[in-house]
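Hello,

Here is the structure I promised to pass on. Please open it next to this email, and my notes follow below.

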Amino acid sequence: MELPERLRGRLDQMRAMSEAGTITEVVKRAVALYDVLLAAIRNGRERIILRSTDGTERELLIP
């Protein structure tokens with residue numbers, strides 16, 4: 001897949017952070033997560049809250 005250098009660099013960082021074997025695996029995981037998030041929004045769960053292990057919460061906004 002042809003990607004701009006900046007995006008390829010970011011995907012490489014994500015691959016290393018997630019210990020994925022390939023950039024393709026990173027993209028597959030990202031698409032799967034995006035699908036779950038969109039389905040939650042479509043099913044009436046309009047707010048998605050990310051909670052860290054210390055209890056800090058952040059709302060995820062998806063336009």
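At what angle do helix 1 and helix 2 pack, and how far apart are their axes? This is a predicted model, and in it the angle is about 85°, with the axes 9 Å apart. Helix 1 covers residues 5-18 and helix 2 covers residues 23-42. Angles of 65 to 115 degrees count as roughly perpendicular, so helix 1 is roughly perpendicular to helix 2.

Now the contact itself. Helix 1 brings Arg8, Leu11, Asp12, Met14, Arg15 and Ser18. Helix 2 answers with Ile23, Val26, Val27 and Arg29. By class, that contact has five nonpolar residues, four charged and one polar.

Next, the largest pocket. It holds about 160 Å³ of space. Its lining consists of Met14, Met17, Ser18, Val26, Arg29, Ala30 and Leu33. Helix 1 and helix 2 are the elements that each give two or more residues to this lining. Helix 2 supplies the largest share, with four residues. Five of the lining residues are nonpolar, one is polar and one is charged. Look at Met14, Ser18, Val26 and Arg29 in particular: they belong to the helix contact and also line the largest pocket.

Then the strands. Strand 1 spans residues 48-51 and strand 2 spans residues 57-60. The two run antiparallel, joined by four bridges. Which residues of strand 2 are the bridge partners of isoleucine 48 and isoleucine 49? Isoleucine 48 is partnered by leucine 60, and isoleucine 49 by glutamate 59.

Strand 1 and strand 2 make a hairpin, with five residues between them. Check glycine 55 in the turn: its phi is positive, at about 95°.

That is what I have for now.

Best wishes

Key. Residues are numbered from 1 along each chain as its sequence is written. This is a predicted model: local features need pLDDT of at least 70, side-chain atom pairs count only at pLDDT 80 or more; totals for chains, interfaces and linings use all residues. Side-chain values use heavy atoms; hydrogens and water are left out. Two strands pair if DSSP finds at least two bridges between them. Axes are lines fitted to C-alpha atoms, for helices over the stretch in contact, and angles run from 0 to 180 degrees between N-to-C directions. Angles under 35 degrees count as roughly parallel, over 145 as roughly antiparallel, 65 to 115 as roughly perpendicular and the rest as oblique. Contact means heavy atoms within 4.5 Å. Ala, Val, Leu, Ile, Met, Phe, Trp, Tyr, Cys and Pro count as nonpolar, Asp, Glu, Lys and Arg as charged, and the others, Gly among them, as polar. On a 1 Å grid over the protein atoms alone, a cavity is a set of points where a 1.4 Å probe fits but cannot get out, and a pocket is an open set with protein on both sides within 12 Å along at least five of seven lines; lining residues have an atom within 4 Å of a point. Grid points are joined across faces, edges and corners, and a volume is the space filled by probe spheres set on the points.
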